[in-house]
Amino acid sequence: MRIDVLGAVRALRDDGSPIDLGGPRHREVLARLVAAEGRMVTTDTLVDDLWTDPPARAVGALRTFVAALRRALEPDRPPRDAPRVIVTEGPGYALRLPREDVDAHRFQDTLARARRRPNTVTGPDTVPNPDTVTDLARAADLSAALKDWRGPAYADVTGAAWAQRERTRLEELRLEAVELRARLLLDSGDSGDSYDSGDSGDSGDSGDSGEGAGLVAELGAHVAEHPWREPAWGLLARALYRAGRQADALATLRRARAMLVDQLGLDPGAELRRLETDILNGAATLEGARTGWRGPGVRLGPRTTVDLARTLALAGGDALVHSRRDRLAAIQAAERTGDLSLTARIIGAYDVPAIWSRADDPEQSRAVVAAAERTLTALGTGSTGSTGNPDGPADLSARLLATVAVESRSADLSAAELGRARQAAQQAEALARGLADPALLVFALNGVFLQSFTRPGLAAVRDGIGAEILDLAARHELPNFAVLGRLVRLQSASALGDLDAAASHAEAAERLAATTEAPLVPVLTGWFRARATASRSTEPGGPTAATAAAHYRAAENALQRAGMPGLHRGLFALALLGLRLLHDRPAPTDPHLDWGPYRPWARPLVLLAQERVEEARTALAAVPEPARDHMQEAMWCLTARAAVRLGEPGIAARAGASLRGARAEHAGAASGMLTLGPVARYLVEAEACAGAG
């Protein structure tokens with residue numbers, strides 16, 4: 001048996017004969033379970049999805065529909081045997097069918113496999129590329145998957161908000177599959193001949209025969225129907241050029257430019273401009289030599305820029321700086337179009353995993369958050385993401401809310417801004433879970449993680465978030481978020497003092513980074529190893545403090561080139577201070593040390609090391625409450641230590657009260673990059689000082 005929803009909802013037996021599913025409500029129940037992709041859907045959710053105003057006996061009616069569907073799908077099941085297709089699970093129901101037996105699931109899996117193309121670079125003098133066959137095979141798989149579409153997804157489920165969301169999401173995936181298939185054929189180097197019926201003819205202009213002509217026609221229709229999909233114009237131009245129609249290829253690119261400039265006020269992205277130059281110059285890369293895989297392409301006009309920005313962000317250094325700049329420019333361009341859906345997708349498309357609770361560019365982060373909140377309001381979901389409207393675009397709202405949560409991590413945020421960010425994180429997670437979209441859920445969980453620093457002592461909570469991110473990323477093949485999950489768990493294990501577990505996560509993250517081209521990962525894990533060396537420097541027979549300092553210096557040198565000022569500034573000075581505290585030595589007083597954002601909390605101890613006691617007391621009195629970020633435990637411990645040394649019981653009591661929940665953790669180690677030693681050590685001192693006062 002198989003179930004099809006890419007068109008009208010239907011079920012077919014193995015011999016292809018249709019199964020009578022009953023009336024529209026029966027088909028809608030089955031369709032809603034298909035959309036959940038194997039997850040349980042509660043009875044309450046099914047009732048709300050089936051009826052705008054549920055009747056008094058809605059639950060009973062739902063059970064009747066389920067019973068009828070079970071009889072239709074498993075006609076030979078003995079009465080006392082448990083159902084195997086639609087199963088009861090907890091407070092609801094779930095569909096249990098292999099993914100290959102449901103056309104929507106099969107299609108998504110095929111697309112996911114096709115996306116995972118090796119990043120292989122070849123040139124005109126390279127031996128035949130072994131990936132060429134793979135490209136053609138992937139294109140063939142996509143062709144077969146696209147043939148399964150019989151019309152809009154869930155075509156006969158009308159008026160249901162959940163079905164409209166799914167139709168929109170799956171249609172976006174279908175368009176991506178069309179473009180990815182074309183890109184695979186073009187990148188294979190022989191889309192005009194090797195993918196057609198096999199008659200290659202002579203080596204001259206094979207022109208408009210076979211797949212080449214078919215691809216031109218297909219892409220021409222695709223661009224006509226979806227003129228805002230900028231990458232599609234590039235694919236059409238490439239197909240025309242490959243078919244020997246250079247003038248038509250250039251005309252296509254100029255038509256794309258005119259459309260983008262005249263109707264959207266946007267210049268073509270870098271990829272279209274580069275393609276036009278290559279066509280004018282007859283570049284060898286257009287003849288099939290691959291210049292590297294840039295992914296399956298972006299879906300909407302300015303998303304060309306955003307897709308490139310996402311790729312650059314993972315590279316670090318200057319590329320990360322350019323990524324941030326280009327991302328904001330793309331958002332501003334999208335807003336100028338007045339197209340809310342486009343703007344929402346541009347803002348939400350930058351789902352780059354984020355591990356640090358301080359923004360590298362606070363002003364830009366504020367601008368992104370403001371744009372996301374404006375778009376949420378315009379979509380009718382409210383600036384804080386209220387999603388009470390069942391017809392609201394939940395997938396777009398979830399991405400916008402997750403963006404607000406991820407970007408709201410500047411130390412200077414007000415309490416109101418932080419409150420909105422935490423609410424946005426919770427709402428994004430709730431929406432993502434309801435939509436059964438694992439990629440969206442891990443993005444939302446990234447926001448939940450970054451908003452999980454509400455008080456000291458939450459390392460175990462963050463470890464749970466990291467574990468779920470890692471599980472989702474592993475099951476749904478999301479390698480960049482698998483790296484994030486490992487780093488979150490590394491930080492959590494470091495905070496809890498479990499250096500063996502943290503080292504295991506560091507090694508796993510490095511292995512992933514080697515395959516996902518994430519050069520920032522070894523920078524972060526290098527800091528963890530310096531942090532571990534610092535801890536071991538207090539053990540008998542362990543490395544010396546000087547060795548630990550040298551490791552921190554090496555890690556600092558690598559970080560300087562990483563393009564992450566929000567992480568870099570002040571970290572090395574704080575690491576040295578932590579190392580000295582581990583060995584009961586005074587704070588470093590080198591005037592050239594950059595304390596960055598940690599200066600107010602370090603200054604009293606630095607002044608004490610210089611025997612400037614009254615200045616230290618004045619500085620301690622002016623110390624603010626720490627930002628709620630990775631370093632809050634460390635800042636409270638610095639405050640506690642200074643209060644104890646200066647005999648300030650009131651300040652010691654305040655620090656002790658704040659640290660009490662983090663008694664089992666290590667100060668600063670939530671960063672995974674440095675440590676001041678066990679929080680308990682500082683807490684005992686603070687409580688003794690407070691009690692003496």
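Modeller: A crossing is left-handed if the near helix is turned anticlockwise from the far one by less than a right angle, and right-handed if clockwise. Helices (H or I, at least four residues) and strands (E, at least two) are DSSP runs, numbered from the N terminus. Here, helix 13 passes helix 14 in a left-handed crossing.

Colleague: What am I looking at, and how are residues numbered?

Modeller: This is a predicted model, with local features needing pLDDT of at least 70 and side-chain atom pairs counting only at pLDDT 80 or more, while totals for chains, interfaces and linings use all residues. Residues are numbered from 1 along each chain as its sequence is written, and side-chain values use heavy atoms, without hydrogens and water.

Colleague: How many helices and strands does the chain have?

Modeller: The chain has 29 helices and seven strands. Of its 693 residues, 55% count as buried (under 20% relative accessible area; exposed is over 50%, partly exposed in between; 1.4 Å probe, protein chains only). Take the contacts with a separation of 6 or more: residues 24 or more positions apart account for 67% of them. Contact means heavy atoms within 4.5 Å.

Colleague: Back to the crossing. At what angle do helix 13 and helix 14 pack?

Modeller: Axes are lines fitted to C-alpha atoms, for helices over the stretch in contact; angles run from 0 to 180 degrees between N-to-C directions. Helix 13 (residues 340–348) and helix 14 (residues 362–378) make an angle of about 145 degrees, with axes 10 Å apart. Leu340, Thr343, Ala344 and Ile347 of helix 13 meet Ala371, Ala372, Thr375 and Ala378 of helix 14. By class, that contact has six nonpolar, two polar and no charged residues. Ala, Val, Leu, Ile, Met, Phe, Trp, Tyr, Cys and Pro count as nonpolar, Asp, Glu, Lys and Arg as charged, and the others, Gly among them, as polar.

Colleague: Now the sheet. In what order do the three strands stand?

Modeller: Strands of a sheet pair through backbone hydrogen bonds, either parallel or antiparallel. Two strands pair if DSSP finds at least two bridges between them. In this model, three strands form an open antiparallel sheet in the order 3-5-4. Strand 3 (41–42) and strand 4 are at the edges with a single partner strand each, so one side of each has no neighbour in the sheet. Helix 3 (residues 58–73) packs on the sheet and touches strand 4 and strand 5; its direction makes about 140 degrees with that of strand 4.

Colleague: Over how many bridges do strand 4 and strand 5 pair?

Modeller: Strand 4 (residues 86–89) and strand 5 share four bridges, in the antiparallel sense. Threonine 88 has tyrosine 93 as its bridge partner in strand 5; glutamate 89 has glycine 92. The hairpin has two residues between the strands, and glycine 90 takes a positive phi near 55 degrees.

Colleague: Is leucine 95 buried or exposed?

Modeller: Leucine 95 counts as buried, because its relative accessibility is 5%. Leucine 95 lies in strand 5 (residues 92–95). Beyond four places in sequence, its contacts include Ile3, Leu30 and Val34. Valine 34 is 61 residues away along the chain, yet the two C-alpha atoms are separated by 6.6 Å.

Colleague: Where is threonine 675 found?

Modeller: Threonine 675 sits in the loop between strand 6 (666–667) and strand 7 (677–678). Relative accessibility is 0%, so threonine 675 is buried. Its side chain reaches the backbone nitrogen of glycine 677 at 3.0 Å. Leaving out residues up to four places away, threonine 675 touches Arg531, Tyr552 and His666, among others.

Key. Polar contact = N/O pair within 3.5 Å; in protein donor to acceptor, adjacent residues only side chain to side chain.
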